[in-house]
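Dear colleague,

Here is the structure I promised to pass on to you.

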Amino acid sequence: MKKILLMVMFTTMAFSQYNADGEENTVVTWSLYKWSPMSEVEGGSVADRKASVAEYNKKRNQASKLLKSSMFLTHYWTGAVEDVHRINEFKDMNEATFYSGGFEKLNSKGWGDADERRAAIVANNKYFESYHEDLHIFENHVGLEKKRSGGYGESTFVAVTVSYLNPLGAVEGGSREERYKLWKKFQKEVVGNNPKIVSQRVLTHLWSGKIVDGLWPVVTITEYNSMEDVDNAGSDNPALFRKVFSEAEGAAYAKYWNDDRHEDLGLFRNFTPANK
């Protein structure tokens, strides 16, 4: 039991396998952009950049029926200071493809007046280099997501981690049904009741990453209000876990989990005015 509690203290991961849960899962794309150096932006300032980027994204987000949600992540303890990560959610790959190819139509919908549209685009684009890189395409497990709850400010913190499931065939007495039942219980009753976690989503392999030795990567994107909460959220999990999981359930939960591998992909700031 001690091993199980340590696991839930230091991680907020769960376990799944692609299309095994029967939920209407969605697609998440992850792209990288880059800020232009502020010294090279004529008349540029941090305050103006925030206002311009917020206005540009707010209008486009409101206009788009295809984009279900988004995050706008910037450098904190990961990557380069100029990095900007966009994490977008869509119903499926078709809608993700239509969205990526429909920028001109979306801009026209966001700004009816051509002059206002042109000004907003120029104001936003001057802060970005001509750079775009597609990093990942994931499956988002909707039934395991913790939607935003409680208050949050202009800037939140987002941690991205990877843990691994043992191959289902190597789990003694394991089944997809049991795994998902325990998984969902963990997400709803442990993560869902942790006040330090603002939101969380669980992503698995779709068109990104690799499967090695049968271990299935699970990517968790967790949002917090402060670095203090990032550091301490795991400390709330053991008590929550003991409250809702019996010792037998805890052992069943642990058997699906490979505790020899774990990766930290990044710790970012999330600019919430640019989110959907």
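At 32% relative accessibility, Lys126 is partly exposed, and Asp48 falls in that class with a relative accessible area of 29% (buried means under 20% relative accessible area, exposed over 50%, and partly exposed in between, with a 1.4 Å probe and protein chains only). Please keep in mind that this is a predicted model, in which local features need pLDDT of at least 70 and side-chain atom pairs count only at pLDDT 80 or more, while totals for chains, interfaces and linings use all residues. Residues are numbered from 1 along each chain as its sequence is written, and side-chain values use heavy atoms, with hydrogens and water left out.

Lys126 and Asp48 form a salt bridge, with their closest N and O atoms 3.7 Å apart; the term stands for a side-chain nitrogen of Lys or Arg within 4 Å of a carboxyl oxygen of Asp or Glu. Because Lys126 lies in the loop between helix 5 (114-125) and strand 4 (133-140), and Asp48 in helix 2 (residues 46-63), this pair ties together parts that are 78 residues apart in sequence. Helices (H or I, at least four residues) and strands (E, at least two) are DSSP runs, numbered from the N terminus.

In total, the structure holds 12 salt bridges. Another of them joins Arg201 to Glu89 at 3.4 Å, N to O, and both of these residues are buried. Lys147, which is exposed at 53%, pairs with Glu145 at 3.6 Å between the closest N and O atoms, whereas Glu145 is buried at 17%. Through shared partners, salt bridges join Glu89, Glu145, Lys147 and Arg201 into one network.

Best regards
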